[in-house]
Structure formats: structure tokens, C-alpha cells
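Thank you all for making the time this morning. I would like to take you through one structure, part by part, so please keep the view open while I talk.

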Amino acid sequence: MKTDKITRKNPANMPAPVGQYTHITRIPRNAELFVTSGQIGADRSGHFPDSLNEQVTNTFNNIKTVLESEHLDAEHIIKVNVWATEKIDWDFLYAEWGQLFSHEYPAMTIGYITELGLPEIKIEIEIWAAKV
């Protein structure tokens, strides 16, 4: 079924997502695509808190700011890539996630790596968005 809006679904013949994401997101033809650089846990003054959870909060604030700069919101997000240097507190991250998304989640990939661009960065989240 063709539609001119972004659609998300989880095929019935495969395992359900293990988190708050969707297996497939369809972007209609002629949609405008937006790709962000990875957003990190620095606050507005450029300071990195020592706590991963504080960096998660700052990262989501930075995501909201970058989206708003292009008049986008959560419904436009089609893909999220998450990289972290230490174990993520999923209850905390999903609390922040829930403030951004309602129940229509984008596709998502998560990776744990040994380091990011600067030693003080503990999490980086890249957003792909589309506007029809």
C-alpha cells in the first residue's frame, strides 16, 4: 500500500523488537531527508558531565534543539544510531526517549564501543529524519 506519509511497521513473521524501536520505516518518494551529526552529552556551555545519565539528558536536549532548528519533531525521525562507551541504563534512556517519542518509534541501531571522538564523550546519537 503506497502512502505519502512516513510509515513504520514490525512484520508479523519475525520476532518483535526487543526495545522501543520499529523494524522498518518507509519514507515516501520525494521526501526531504535530514541527517544529523552525532549529538553528544555536552551541555550548552560545552561541559561534559561525568555521569552517563546526565550526558544522555544533554544529548536528548541537543537532539531536540537540532530538530527544532529545521522545524522537525519526533514524527519526522526515521532512524537513530546510538553509540556508547559504557553500559546504558535503559530505564533512564527510555524515560528520555519517551519524552521525545510517543508510541511510533523509528528504526534504531545500538553499539558499544571503546571510545568516541573525545575521551569525555560517553554517548553519541545520530538522527535521520524525513519530511514529506
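This is a predicted model: local features need pLDDT of at least 70, side-chain atom pairs count only at pLDDT 80 or more; totals for chains, interfaces and linings use all residues.

**A walk through the model**

Asparagine 81 lies in strand E5, and because its relative accessibility is 12%, under the 20% limit, it counts as buried. If we leave aside the neighbours within four places in sequence, asparagine 81 is in contact with Thr109, Glu124, Ile125, Glu126 and Trp128.

From there I would like to move to the core. The largest nonpolar core has 25 residues, and those that touch the most other members are Phe60, Val80, Leu93, Trp97 and Ile125. Which elements each supply at least two residues of this core? They are helix H1, residues 52-69, strand E5, residues 77-84, helix H2, residues 90-100, and strand E7, residues 123-131. The largest share, five residues, comes from H1. If you select tryptophan 97 and again set aside residues up to four places away in sequence, you will find that it touches Gln20, Phe60, Val80, Tyr105, Pro106 and Met108.

Now to the charged pairs. How many salt bridges does a search of the whole structure find? It finds two, and I will take them in turn.

In one of them, arginine 8 pairs with glutamate 104, with the closest N and O atoms 3.6 Å apart. This pair links distant parts of the chain, since arginine 8 sits in strand E1, residues 7-9, while glutamate 104 sits in the loop between H2 and strand E6, residues 107-112, and the two are 96 residues apart. Arginine 8 counts as buried because its relative accessibility is 18%, whereas glutamate 104, with a relative accessible area of 53%, is exposed.

The other salt bridge joins the side chains of glutamate 86 and lysine 122, again with a distance of 3.6 Å from N to O. Here too the pair links distant parts of the chain: glutamate 86 is in the loop between E5 and H2, lysine 122 is in the loop between E6 and E7, and they are 36 residues apart. Glutamate 86 is partly exposed, with a relative accessible area of 33%, while lysine 122, at 19%, is buried.

Most residues other than glycine have a negative phi. Asparagine 30, however, has a phi near 70 degrees, a positive value in a residue other than glycine. Asparagine 30 is placed in the loop between strand E2, residues 24-26, and E3. Is asparagine 30 buried or exposed? It counts as exposed, because its relative accessibility is 76%. Histidine 71 likewise has a positive phi, of about 60 degrees, although it is not a glycine. Histidine 71 lies in the loop between H1 and E5, and with a relative accessible area of 67% it is exposed.

Leu33, Val35 and Trp128 make a nonpolar surface patch of about 260 Å².

Note on methods:
Residues are numbered from 1 along each chain as its sequence is written. Side-chain values use heavy atoms; hydrogens and water are left out. Patches are made of residues with over 30% relative accessible area and no salt bridge: like charges are joined within 9 Å, nonpolar side chains (Val, Leu, Ile, Met, Phe, Trp, Tyr) within 5 Å. Accessible areas come from the Shrake-Rupley method with a 1.4 Å probe; for residues, only the protein chains shown count as cover. A salt bridge is a side-chain nitrogen of Lys or Arg within 4 Å of a carboxyl oxygen of Asp or Glu. A nonpolar core is a set of buried Ala, Val, Leu, Ile, Met, Phe, Trp, Tyr and Cys residues joined through side-chain atoms within 4.5 Å. Buried means under 20% relative accessible area, exposed over 50%, partly exposed in between (1.4 Å probe, protein chains only). Helices (H or I, at least four residues) and strands (E, at least two) are DSSP runs, numbered from the N terminus. Contact means heavy atoms within 4.5 Å.
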